[in-house]
Amino acid sequence: MKVTREIAEKEFMEWFEAKKLPVNLLDKNADDKEAIISAIEEGILSKDEDNKFTQILNFPIDNGSGEKLSKLEYAFRVSEGVLAASMKGIKADDLIGQIAICYVSVLTGQNKGIIRALDPSDSYLGKKIAAFFFI
């Protein structure tokens, strides 16, 4: 469901403030912030009372068991250790390109193969959300 820009900005700021992130990240991650706000405004992304985001996929994919995956749910908090463990097995020379995929995988609870199979229009938003976990 589409919402006004004002509501979308309020939703984003509630999420951001609840994460207790440094305010300077708003400037550093201005493009990521804007992408998240736009997705909320368009109704693609919503936030629940526990500050978890749910993304409606533009292009649902097979989840590997014959069912269609039509949405991704993002955890609000993930420990540093869990994020670091998600990169196990990634070669050092491929690390930069894979960090966002690993983080989106951990945040959504979906395996890396599913995240890699997403259409770029869907994985784009996940990478923008994951950027706020790169601190």
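Modeller: Let's start at the hairpin of β1 and β2, where five residues sit between the strands and Asn-51 takes a positive phi near 65°. Keep in mind as you look that this is a predicted model. To see how they line up, find Leu-45, which stands opposite Gln-55 in β2.

Now follow β2 along to its other partner. Six bridges join β2 to β3, which covers residues 68–74, and this pair also runs antiparallel. Here you can pick out Asp-62, whose bridge partner in β3 is Lys-68. The hairpin of β2 and β3 has five residues between the strands, and in this turn Gly-64 takes a positive phi near 100°. As you trace along a strand, a handy thing to remember is that in a regular strand the side chains alternate between the two faces of the sheet.

Thr-108 belongs to helix α5, which spans residues 95–108. Setting aside neighbours within four places in sequence, Thr-108 is in contact with Leu-72, Glu-73, Tyr-74 and Ile-115. Is Thr-108 buried or exposed? Its relative accessible area is 11%, and the cut-off for buried is under 20%, so Thr-108 counts as buried. Last, look at the side chain of Thr-108: one of its polar atoms lies 3.3 Å from the backbone nitrogen of Gln-110.

Notes. Residues numbered from 1 in each chain as written. Predicted model: local features only at pLDDT ≥ 70, side-chain atom pairs only at ≥ 80, totals over all residues. Heavy atoms only, no water. Helix = DSSP H or I, 4+ residues; strand = E, 2+ residues; numbered from the N terminus. Buried < 20%, exposed > 50% of the residue type's maximum accessible area, 1.4 Å probe, protein only. Polar contact = N/O pair within 3.5 Å; in protein donor to acceptor, adjacent residues only side chain to side chain. Contact = heavy atoms within 4.5 Å. Pairing = 2+ DSSP bridges.
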